[in-house]
Amino acid sequence: MRKILLACLGALLAWLAPVRAQSRYTPAPENLAARQWFQDAKLGMFVHWGVYSVLADGEWVMNNKKIPVADYEKLPALFNPAAFDAVEWVGLAKAAGMKYITITSKHHDGFAMFDSKVSDYNIVARTPYQKDPLKALADECRRQGIKLFFYHSQLDWHHPDYYPRGRTGQDSGRPDAGNWPRYLEYMNAQLTELLTNYGDIAGIWFDGWWDKPDADWQLDKTYALIHKLQPQALIGSNHHKRPNPGEDFQMFEKDLPGGRTAEFNKDSEIGDLPLETCETMNGAWGFNLTDRRYKSTRDLVRYVVRAAGSNANFLMNVGPMGNGRIQPEFVTRLKEVGAWMARNGESIYGTRGGPIAPHAWGTTTRKGNLVYVHVLDWPDTALLLPPLPSAVRSAKLLNGGRAIDFKSGDSGTVLTIPRDAVDPIDTIVVLELEAKASR
């Protein structure tokens, strides 16, 4: 009996070892530097692209249309994105003022968009294209000075060992059996490929944990693997919960941090890590031919501003078409966002959330002793700001430098914004504050 107890104790300690190691995770210096860069970057491009693009009905089409694996596996033969141009994609992101790209390496359908040797269910082995777009994108990102993140789905509707099934993918026609630990080994093996064969990677953007929240995901083992292979790589997970040990940034899907307009964010909490929010440019993540709910450039710019005011980055999504091109409606808006950023980026890049909480009228960002007041919706010429951390020395418009009248008192600071100075997208007033006296 004593031998049995000792054996059980040994097995338990072995199982707990990786948990302890990652639970005590201390970010490497290069990881902390990457977090600082990430918070300064403020704007990135999200790319949802996969074999589902052929059907032009979004990235969830396999689940939503109840397509079994046997039928879905016919799609790769039809996927030949010959018009894909990494130079064009990265150049477009750069023109939009974006500092990084996050692209789907594998979505929930299980199809790898890279040259995986772990499985032949990938774009090189199964499609007439027979090339690795992620390798081309990684090389071009380095050439143009854009950082690259890989989105990777933990959920998999295709793999037989993703078992027991989760809340989705119930109609895939897979056998009612599987080896869960073997699936986790498969996932970690593909992550190893991504972190070994594509140069320095800025981070891994996980999604799908929510499909089986009570499963033993062995996150500590996966996170430790990533940090061992590339210590600077930032780990985030779209689980809609407070961050887990080992994660380096926190994302919010279709909501600003703290917002709960989306049902899956009803239990979300803001942690202590760098923040990011992601949103679509129409209503779909993956290419959807009939989705015409395009957000205006004004709306997209205002989302950039409100995200920055909430101390978060904005990851703006595009869903490229099956031929590898980004649809013109997105291209136009991205270039217009970039033009706005070129004029007003000082109030966004390198800032943090301002000293005034976001209001219906707008938000604030800060950089050193400068506070940028972003007035988005305010019908009057006078705007009362709550008391600031120190006295206001000057107030001026960001564009043109025109002085703005202000008056400070016990109730705060009143800005007087002439009607002819109002910008239809964002009227930005720069406040210079008195430096706080050192003690």
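Q: How do I read burial for a residue such as His240: does it count as buried or exposed?
A: Relative accessible area decides, taken with a 1.4 Å probe on protein chains only: under 20% is buried, over 50% is exposed, and in between is partly exposed. His240 counts as buried because its relative accessibility is 10%. This is a predicted model, in which local features need pLDDT of at least 70, side-chain atom pairs count only at pLDDT 80 or more, and totals for chains, interfaces and linings use all residues. Residues are numbered from 1 along each chain as its sequence is written, and side-chain values use heavy atoms, with hydrogens and water left out.

Q: Where does His240 lie, and which residues is it in contact with beyond four places in sequence?
A: Helices (H or I, at least four residues) and strands (E, at least two) are DSSP runs numbered from the N terminus, and His240 sits in the loop between β5 (234–237) and β6 (250–253). Contact means heavy atoms within 4.5 Å. Leaving aside neighbours within four places in sequence, His240 is in contact with Trp210, Glu253, Phe264, Asn265, Asp267 and Ser268.

Q: How should I read a pocket, and which residues lie nearest the centre of the largest one?
A: The general idea is simple: rolling a probe the size of a water molecule over the atoms shows where empty space is left. On a 1 Å grid over the protein atoms alone, a cavity is a set of points where a 1.4 Å probe fits but cannot get out, while a pocket is an open set with protein on both sides within 12 Å along at least five of seven lines; lining residues have an atom within 4 Å of a point. Grid points are joined across faces, edges and corners, and a volume is the space filled by probe spheres set on the points. Here the largest pocket holds about 490 Å³ of space. Of its 25 lining residues, Trp210, Asn238, His240, Glu253 and Phe264 lie nearest the centre. Trp210, Glu253 and Phe264 are also among the contacts of His240.

Q: What classes of residue make up the lining of the largest pocket?
A: Ala, Val, Leu, Ile, Met, Phe, Trp, Tyr, Cys and Pro count as nonpolar, Asp, Glu, Lys and Arg as charged, and the others, Gly among them, as polar. The lining of the largest pocket has ten nonpolar, six polar and nine charged residues.

Q: Which elements each supply at least two residues of the lining of the second largest pocket?
A: They are α2 (29–41), α7 (133–144) and β3 (147–153), with α2 giving the largest share, four residues. The second largest pocket has a volume of about 270 Å³ and 17 lining residues, with Lys147, Leu148, Asp200, Ile201 and Ala202 nearest its centre. By class, eleven residues of this lining are nonpolar, two are polar and four are charged.

Q: How do I read the pairing of β3, and which strands pair with it?
A: Two strands pair if DSSP finds at least two bridges between them. β2 (100–106) and β3 pair in the parallel sense over six bridges, and Thr102 has Phe149 of β3 as its bridge partner. Six of the seven residues of β3 are buried.

Q: How many of the residues of β16 are buried, and which strands pair with it?
A: β16 (427–433) has six of its seven residues buried. β11 (370–375) joins it in the antiparallel sense over six bridges, with Val373 bridged to Val429. β13 (392–397) pairs with β16 in the antiparallel sense too, over five bridges, and Ala395 is the bridge partner of Leu431.

Q: What covers the buried residues of α11?
A: An α-helix has 3.6 residues a turn, so residues three or four places apart point the same way. In α11 (328–344), Phe330, Val331, Arg333, Leu334, Val337, Gly338, Trp340, Met341 and Asn344 are buried. Their cover includes β1 (43–47), α5 (86–95), α10 (297–309), β8 (312–318) and β16.

Q: Does Pro424 count as buried or exposed, and which residues is it in contact with?
A: Pro424 lies in the loop between β15 (412–416) and β16, and it counts as exposed because its relative accessibility is 62%. Leaving aside neighbours within four places in sequence, Pro424 is in contact with Arg298 and Arg302.
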